[in-house]
Amino acid sequence: MRSLGLDLSGRQARALVVDEQGTIVARGSGDTAPAAVKAAIAGHQPERAGIASGASDKTAIQGFSTITRSAPGAAAVAAEAWLGAAKNVRNAICLHIGDDVFAGLILDGRPWSGVHNRAGAAAWLAINPVERQDYRREGSLAAEVSSRGIARRLSWRIQAGDQSGVLDAAGGSLDAITGQHVFDGARAGDGVAISVVRDTAKYIGMAVATLAAIIDPELVVVSGRVAVADLMLEAVRQECGRRLPPDAMNDLRVEFSTLGDDEVAIGAARLALDAK
């Protein structure tokens, strides 16, 4: 049996087709869900489909015997439990950081979404007592570590007078700076970009420590664009270690996902395969 996974958590819709062993058969992306689905299923007709999207999304697709819906965080942790860092782990958290910030939880081997289906709203983790409008709009963690948040912090540094080659890489426009520009700049040795990445690792480490202190999981896996960039795993672990007692940190694994941009779509497809 094959399953389509449709990820609507980012700026572009991403779709893929997987078989029951987790092999990706085809991928597609597009500005709309139908475009992504059409590109992915060309020549491959999966029987089932899973959609990972926000609670208010009403995207409809047709032509499948079973269609499931899940929060992006639930899909992310399902993917990690199937093919990623959380395989064979009974208590795990996946903290996804990209265009948006969200989390998924597995407790005692089962997905957990909370009483009101709001568990995993990691964007709203309080990590700074400062009152800011972007904290009110996006949540304080998302305002700092989402792709937009990372770009915005570097932009503020430039406006404050710091010199960074990232501005040139973005064509001289502050509004054109992206999180990827910051990661590329840090990798190339740009001092301001390195500083922004270090601060990003601190925020992520604080978030991981907070989640671990409350849930006491075996594993927290960080996924999304910060994991793909692969610049700050050790820094995140160190910051987390500063925020937890030694015995708690010794019992905790903190990893970066290796599933890349496919993670949420893989998890959506898996949840569709598991549907009764």
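Helix α7 (residues 179-187) has as its buried residues G179, V182, F183, G185 and A186; buried denotes under 20% relative accessible area with a 1.4 Å probe, protein chains only. Viewed down the axis of α7, these residues fall within an arc of 160°, so they line one face of the helix; the arc is that of the directions from the helix axis to the C-beta atoms. The buried residues of α7 pack against α5 (147-159), α6 (166-169), α8 (191-215) and α9 (225-229), contact being heavy atoms within 4.5 Å. Just after α7, G189 adopts a positive phi of about 95°.

The model is predicted: local features need pLDDT of at least 70 and side-chain atom pairs count only at pLDDT 80 or more, while totals for chains, interfaces and linings use all residues. Residues are numbered from 1 along each chain as its sequence is written, and side-chain values use heavy atoms, without hydrogens and water. Helices (H or I, at least four residues) and strands (E, at least two) are DSSP runs, numbered from the N terminus.

Five strands form an open sheet of mixed pairing, in the order β3-β2-β1-β4-β5; two strands pair if DSSP finds at least two bridges between them. The edge strands, β3 (24-30) and β5 (66-70), each pair on one side only. Strands β4 (residues 48-52) and β5 run parallel and are joined by five bridges; G50 has T68 in β5 as its bridge partner.

Two helices pack on the sheet. Their angles run from 0 to 180 degrees between N-to-C directions, with axes fitted to C-alpha atoms, for helices over the stretch in contact.

| Helix | Strands touched | Angle |
|---|---|---|
| α2 (residues 72-83) | β2 (13-19), β4, β5 | about 105° with β5 |
| α12 (residues 263-274) | β1 (2-7), β2, β3, β4, β5 | about 135° with β1 |

Technical notes: Buried < 20%, exposed > 50% of the residue type's maximum accessible area, 1.4 Å probe, protein only.
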